[in-house]
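Please keep the sequence and the coordinates in view while reading.

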Amino acid sequence: MYLGVDVGSVSTDAVLIGERGELCAYSIVKSGFDHKYAINQAIEEVCHKSGIQREDVKGIVGTGYGRRNVPDALKAITEISCHAMGIHSIFPEVRTVIDIGGQDSKVIRITDNGFVDTFVMNDKCAAGTGRFLEVMAQAMGIGVDELGMLSKKSKKVQPISSICTVFAESEVISRVAEGSKKEDIIAGIHRAIGERLMGMVSTIGIRTPIAITGGVAKNSGVVKAISSFVGGIPLVPDEPQIIGALGAAIYAMNNINSSLEVCNG
Ligand SMILES: Nc1ncnc2c1ncn2[C@@H]1O[C@H](COP(=O)(O)OP(=O)(O)OP(=O)(O)O)[C@@H](O)[C@H]1O
Ligand SMILES: [Mg+2]
């Protein structure tokens, strides 16, 4: 089996795949302040779910912001390459992947082999990321996992005019105080995220089909907002949060197989 570990700013995800690249098990844990602890926890959990020992893993690749902390890894590969490869293994037809994580958003155009063609990443700003949604959800006293369902009830979107997270938070608090409906405010927040991402997309141009990955893809309101801008429904994998780790596991498999070819050749 091959293991991919994505050490992100919010979650640390581990994916085990088999000899033919099939998904065997995955785990998602909080990254917290101690990356090494989170990595260990994610690996223990995924091995336990598959009923294997760590020693049974043939190759490991680390990705994400803390990728260099993954022990015994063959390589550390950027999450941009890993999201591209991960989504390609599920939806080979996809040509643009939008990864919306806790700290970063990336729009990645991919080749027909799952490699990176070109990409754009948000600058050091929380707007258009999971962090933006976490701050807004907290300001309204709800969980991030409730945003999607609540926004479905909206009948009148309340636009959020501030791009900056700090100003947008005050705007949300004022709207709540004025008595605006939470679902309408949330729909406005999702639209703001969509606009921000489309601004990024426009710098490199979009190529369809599009997929969305990262934890924020679990928010159906964000997916809907993006759909309204791109004019089609983007593909979302069953578990979008593990796509980076899945891509890393595929790189681990390909790395081992190509070194075997070199030995055998
Ligand atoms: N069940 C859920 N419903 C809606 N949103 C969710 C859910 N779970 C996580 N999220 C969102 O996903 C975000 C985290 O995504 P993810 O785990 O992909 O980030 P990360 O890879 O750690 O971050 P980065 O790639 O920026 O370093 C959270 O900030 C939150 O907004
Ligand atoms: Mg990530």
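How many residues surround ligand 1, and which are the closest? In this predicted model, the shell around ligand 1 is made up of 18 residues. The closest of these are V10, S11, Q103, E134 and Q241. Sorted by class, the shell comprises three nonpolar, 10 polar and five charged residues.

For S11, a polar side-chain atom lies 2.5 Å from an oxygen atom of ligand 1. V10 contributes through its backbone instead: one of its backbone N or O atoms lies 2.7 Å from an oxygen atom of the ligand. Q103 likewise has a backbone N or O atom 2.7 Å from an oxygen atom of ligand 1. Taken alone, ligand 1 exposes 660 Å², of which the protein buries 89%.

The setting of the ligand can now be described. Ligand 1 sits in the largest pocket. The domain assignment of the protein gives domain 1, covering 1-91 + 242-265, and domain 2, covering 93-236. The C-alpha centres of domain 1 and domain 2 lie 27 Å apart. In the contact between the domains, 15 residues come from domain 1 and 24 residues from domain 2.

Key: Residues are numbered from 1 along each chain as its sequence is written. Chains are lettered from A and ligands numbered from 1 in the order in which they are written. This is a predicted model: local features need pLDDT of at least 70, side-chain atom pairs count only at pLDDT 80 or more; totals for chains, interfaces and linings use all residues. Side-chain values use heavy atoms; hydrogens and water are left out. A residue is near a molecule or strand if one of its heavy atoms lies within 4 Å of it. A polar contact is a pair of N or O atoms within 3.5 Å; within protein, one must be able to donate a hydrogen and the other to accept it, and residues adjacent in sequence count only if both atoms are side-chain atoms. Accessible areas come from the Shrake-Rupley method with a 1.4 Å probe; for residues, only the protein chains shown count as cover. On a 1 Å grid over the protein atoms alone, a cavity is a set of points where a 1.4 Å probe fits but cannot get out, and a pocket is an open set with protein on both sides within 12 Å along at least five of seven lines; lining residues have an atom within 4 Å of a point. A molecule sits in a cavity or pocket if more than half of its atoms lie within 2 Å of its grid points. Ala, Val, Leu, Ile, Met, Phe, Trp, Tyr, Cys and Pro count as nonpolar, Asp, Glu, Lys and Arg as charged, and the others, Gly among them, as polar. Domain bounds come from an automatic or database domain assignment. Contact means heavy atoms within 4.5 Å.
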